[in-house]
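Biologist: I would like to learn how to read a structure feature by feature. Could you walk me through one, starting with a single residue and ending with packed helices?

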Amino acid sequence: MSRPYLWRRCSTGSPGLGRMVRRCAMNGGEGPNSYARNSSYQKGVVDVAKPIIEEEISRKLNIKHLSSTFRIADFGCSTGHNSCAAMQIITEAIMRRFEIEGLISQIPDFYVFFNDKVTNDFNTLFDSLPRERLYSAAGVPGSFHGRLLPGAALDFAYSSCSLNWLSEVPKAVLDNTSPAWNRGKIHYAGARREVREEYASQYAKDIESFLDCRAEELVPGGLMALLVPAVPASWDPNSAYTTTTEIYLFGSCFMDMAKTGRFSEAKVDSFNIPVYLPIPQEFKAIIERNDKYTIERMEVLDNPAGKHYLAGPKARAAYWRAASEGMLIDHFGSEIIEELFDRYTKKLAASPLFSDPNCDKSIIMFVLLQRKPESCSSGS
Ligand SMILES: C[S@@+](CC[C@H](N)C(=O)[O-])C[C@H]1O[C@@H](n2cnc3c(N)ncnc32)[C@H](O)[C@@H]1O
């Protein structure tokens with residue numbers, strides 16, 4: 001049976017950028033440019049987080065008061081390989097708790113809700129589910145910045161490498177009458193302070209919505225494990241880089257192409273990448289303002305496994321292509337893609353800094369939150 005049109009093309013043609021951002025997902029399928037084949041960095045994140053997730057489930061999960069079904073959701077699961085690995089880790093860790101406490105007869109039925117945007121290739125996800133697994137699975141398409149599940153339906157929420165995607169590009173950065181207009185750039189990296197502030201404020205709004213919606217969906221006392229891409233408060237640009245500096249380099253390829261006449265500079269001005277990388281203190285402040293959770297654990301993972309996987313300019317460019325190709329095609333057309341990523345790969349290769357994965361100072365935050373029981377009614 002042929003796969004549906006849905007994941008091949010990420011938009012039905014609406015020129016509105018906000019709409020585009022909502023609709024574009026990672027590259028589907030299992031081909032050379034697919035997310036499935038180019039997400040070993042994100043798999044590295046799951047590997048590094050595994051012992052921490054297991055430890056927290058064994059310490060924090062109160063299995064005495066569980067019902068006969070245990071419901072887990074992965075928010076921003078993409079096409080599944082990494083998500084399946086994470087769901088395996090979580091369900092096995094919970095099952096071990098029951099075994100250790102001699103409660104084998106009370107092991108619940110596990111249900112996993114896989115969430116992503118409606119354009120996500122859910123076919124590949126369901127194809128990749130392991131035959132031997134402890135859970136029943138369901139797809140939940142839609143934006144995680146809004147409500148997706150019934151109230152108090154979830155025992156455990158999880159999200160990895162997804163919360164850095166904004167619900168939309170901040171409007172002011174595309175508005176040529178605004179002080180935050182981001183002329184000639186595709187991101188806040190290397191841009192003026194006003195641009196960065198617009199991105200930061202959109203991120204804060206988006207994370208607040210995410211936290212509010214999950215607070216309604218989680219049972220009181222329910223746990224939420226988040227793996228959030230971030231940057232350190234500072235780094236030396238002469239000897240190190242982060243995801244934001246990489247996006248800056250990527251952005252320079254657009255202006256190079258505009259100068260050769262491949263597209264207009266106005267086309268670049270009307271495009272921005274909806275990705276934000278907070279510093280840990282910034283993320284913590286958003287959670288504390290929300291007040292519906294206690295922070296049970298928060299720490300920085302320096303993700304050595306991920307750095308290892310992304311060694312080499314080709315792998316780095318392919319990783320970014322798998323994540324951004326849909327929205328690039330939507331705005332610039334498919335005819336620019338090969339040249340764009342060829343230029344980007346060459347720029348990465350020419351830089352001694354970007355060629356050395358040890359110079360990568362990007363970080364991943366592990367955050368474990370617990371839904372506060374007392375905010376059940378006041379929070380909604
Ligand atoms: C880099 S991938 C991470 C996928 C997976 N969690 C992993 O670790 O491999 C980010 C995912 O978040 C999804 N995403 C971004 N914004 C979203 C939103 N508002 N609602 C649901 N999914 C979203 C993207 O479509 C994409 O599949």
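Biologist: Is Y111 buried or exposed, or something in between?

Modeller: This is a predicted model, so keep in mind that local features are taken where pLDDT is at least 70. Y111 has a relative accessible area of 34%, and because buried means under 20% and exposed means over 50%, Y111 counts as partly exposed. Y111 belongs to strand β2, residues 109–116.

Biologist: Which residues does Y111 touch, leaving out those up to four places away in sequence?

Modeller: Y111 touches T69, F70, R71, I72 and S136. For a sense of scale, take A311, which is 200 residues from Y111 along the chain; the C-alpha atoms of the two are separated by 36 Å.

Biologist: Now a helix, please. Which residues of α8 are buried?

Modeller: The general idea comes first. An α-helix has 3.6 residues a turn, so residues three or four places apart point the same way. In this structure, α8 spans residues 280–290, and its buried residues are P280, F283, I286, I287 and N290. These cover an arc of only 125° around the axis, which puts them on the same side of α8.

Biologist: What sits on the face of α8 turned away from the buried side?

Modeller: That face carries Q281 and R289, both exposed. As for the buried residues, their cover includes α5 (193–217), β5 (218–230), β6 (293–301) and β7 (363–371). Have a look just after α8 as well: D291 takes a positive phi there, about 70°.

Biologist: And how do I read two helices that pack together?

Modeller: Two packed helices are described by the angle between their axes and the distance between the axes.

Biologist: Which residues of α6 and α11 meet?

Modeller: From α6 come E246, L249, F250, S252, C253, F254, D256 and M257, and from α11 come E339, L340, F341, R343, Y344, K347 and L348. Sorted by class, this contact of α6 with α11 has nine nonpolar, one polar and five charged residues.

Biologist: One of those from α6 is E246. Is E246 buried or exposed?

Modeller: E246 is buried, with a relative accessible area of 5%. Setting aside residues up to four places away in sequence, E246 touches Y241, R316, Y344 and F354.

Biologist: α11 also packs with α10. At what angle, and with what distance between the axes?

Modeller: The angle is about 150°, with the axes of α10 and α11 10 Å apart. Here too the crossing is right-handed. On the α10 side, the contact is made by P313, K314, R316, A317, W320, R321, S324, E325, L328 and I329; on the α11 side, by I337, E338, L340, F341, Y344, T345, L348 and A349. By class, the contact of α10 with α11 has eleven nonpolar, two polar and five charged residues.

Biologist: K314 is one of the α10 residues in that contact. Is K314 buried or exposed?

Modeller: K314, in helix α10 (residues 313–332), is exposed, with a relative accessible area of 69%. K314 thus meets α11 and is exposed. Finally, K314 and L134 are 180 residues apart in sequence, and from C-alpha to C-alpha they are 37 Å apart in space.

How values were computed:
Residues are numbered from 1 along each chain as its sequence is written. This is a predicted model: local features need pLDDT of at least 70, side-chain atom pairs count only at pLDDT 80 or more; totals for chains, interfaces and linings use all residues. Side-chain values use heavy atoms; hydrogens and water are left out. Contact means heavy atoms within 4.5 Å. Helices (H or I, at least four residues) and strands (E, at least two) are DSSP runs, numbered from the N terminus. Ala, Val, Leu, Ile, Met, Phe, Trp, Tyr, Cys and Pro count as nonpolar, Asp, Glu, Lys and Arg as charged, and the others, Gly among them, as polar. Buried means under 20% relative accessible area, exposed over 50%, partly exposed in between (1.4 Å probe, protein chains only). The arc is that of the directions from the helix axis to the C-beta atoms. Axes are lines fitted to C-alpha atoms, for helices over the stretch in contact, and angles run from 0 to 180 degrees between N-to-C directions. A crossing is left-handed if the near helix is turned anticlockwise from the far one by less than a right angle, and right-handed if clockwise.
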